[in-house]
Amino acid sequence: MKFFIDTADLKDIEEAASWGILSGVTTNPSLYARTGGKLADFEDHMVKICKIVGDDVPVSAESTAETTEEMIADGIRLAALAPNIVVKLPICEASLPATHELVRHGVRVNMTLVFSATQALLAARAGARYISPFVGRFDDIADDGIAQLETVVDCVKNYSYGYWDEEGGPEIITASVRTPNHVTQAALLGADIVTVPFGALKKCVHHPLTDQGLASFAADWAKVVAQA
Ligand code: E4P
């Protein structure tokens with residue numbers, strides 16, 4: 001399973017990239033707003049992210065357009081910013097034809113805000129390169145996000161779609177991740193990718209028994225040093 005980072009924060013992206021585990025970046029309008037970024041700087045900001053991670057690492061930049069025509073125009077403009085830009089579109093009636101047209105221009109689409117298997121199947125059929133089912137938002141409303149993800153993975157992986165076969169697409173990005181357990185469960189289900197906020201990614205590194213082990217090794221080593 002590949003790890004993406006779910007943030008628009010340049011410092012977090014730089015740090016995660018330095019870990020050598022990063023295969024992609026996903027952003028959305030809320031994540032960009034959280035950086036304090038201005039409308040006029042949005043595209044420059046996306047270019048900065050692309051430069052940090054390098055040309056072969058996909059960076060999802062989300063369009064806020066509402067009509068098919070605007071989504072297509074937005075998608076073509078965003079994709080021209082850098083070779084690794086992936087255009088993120090929300091699943092809706094307007095975005096299916098937009099995706100279908102964008103794929104004809106060679107533009108990769110990440111279909112977002114996916115909450116059902118039928119949405120995912122339609123996204124794949126329209127030509128989405130990535131499909132992002134959300135997990136945490138189900139858990140937030142006392143539903144089971146991982147069970148929902150399992151249905152999406154099972155349905156989508158039953159078929160091939162003829163658009164991104166050579167690249168192994170469409171790939172499923174487990175999104176709206178809140179905990180290391182979400183990451184583990186996504187891997188068990190065979191989701192291709194997990195996109196994780198940096199805070200949750202850090203939690204994946206740590207374990208209380210590791211901390212305990214480190215403390216006891218350090219204490220015992222101090223005894224060895226004291227005897228020298
Ligand atoms: C997906 O790419 C989205 O950015 C995402 O994971 C949003 O999740 P949230 O529920 O934490 O906002």
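Modeller: Helices are DSSP runs of H or I with at least four residues, strands are runs of E with at least two, and both are numbered from the N terminus. In this predicted model, proline 170 sits in the loop between α8 and β7 (171–174).

Biologist: What is the peptide bond from glycine 169 to proline 170, cis or trans?

Modeller: That bond is cis, and its omega is near -5°.

Biologist: Why is serine 176 called buried?

Modeller: Serine 176 has 23 other C-beta atoms within 10 Å. The cut-off for buried is 20 or more, so serine 176 counts as buried. Serine 176 belongs to the loop between β7 and α9 (180–189), and its phi is positive, about 55°, although it is not a glycine.

Biologist: What makes leucine 113 partly exposed?

Modeller: Leucine 113 has 19 other C-beta atoms within 10 Å. Buried needs 20 or more, and exposed needs 12 or fewer, so leucine 113 falls in between and is partly exposed. Its place is in strand β5 (residues 109–114). Leucine 113 also has a positive phi, near 60°, and is not a glycine.

Biologist: Which residues surround the ligand?

Modeller: Asp6, Thr26, Asn28, Thr112, Ser132, Phe134, Gly136, Arg137, Ala175, Ser176 and Thr195 do.

Biologist: How many residues of that shell are nonpolar, polar and charged?

Modeller: Two are nonpolar, seven polar and two charged. Gly counts as polar, so Gly136 in the shell is placed in the polar class.

Biologist: What is the handedness of the crossing of α6 and α8, left or right?

Modeller: The crossing is right-handed. A crossing has that name if the near helix is turned clockwise from the far one by less than a right angle. Helix α6 (residues 117–126) and helix α8 (residues 145–157) pack at about 35°, with axes 9 Å apart.

Biologist: Which residues meet there?

Modeller: From α6 come Ala117, Ala120, Leu121 and Ala124, and from α8 come Thr151, Val152, Cys155 and Val156. Seven of the residues in this contact are nonpolar, one is polar and none is charged.

Biologist: Which members of the largest nonpolar core touch the most other members?

Modeller: The core has 52 residues, and Val59, Ile85, Val87, Ala123 and Ile131 touch the most other members. Neighbours within four places in sequence aside, valine 87 has contacts that include Ala61, Leu78, Leu102 and Val109.

Biologist: What share of the protein is buried?

Modeller: Of its 228 residues, 38% count as buried.

How values were computed
Residues are numbered from 1 along each chain as its sequence is written. This is a predicted model: local features need pLDDT of at least 70, side-chain atom pairs count only at pLDDT 80 or more; totals for chains, interfaces and linings use all residues. A residue is near a molecule or strand if its C-beta atom, placed from the backbone, lies within 6 Å of it. A nonpolar core is a set of buried Ala, Val, Leu, Ile, Met, Phe, Trp, Tyr and Cys residues joined through C-beta atoms within 7 Å. Two residues are in contact if their C-beta atoms, placed from the backbone, lie within 7 Å. Axes are lines fitted to C-alpha atoms, for helices over the stretch in contact, and angles run from 0 to 180 degrees between N-to-C directions.
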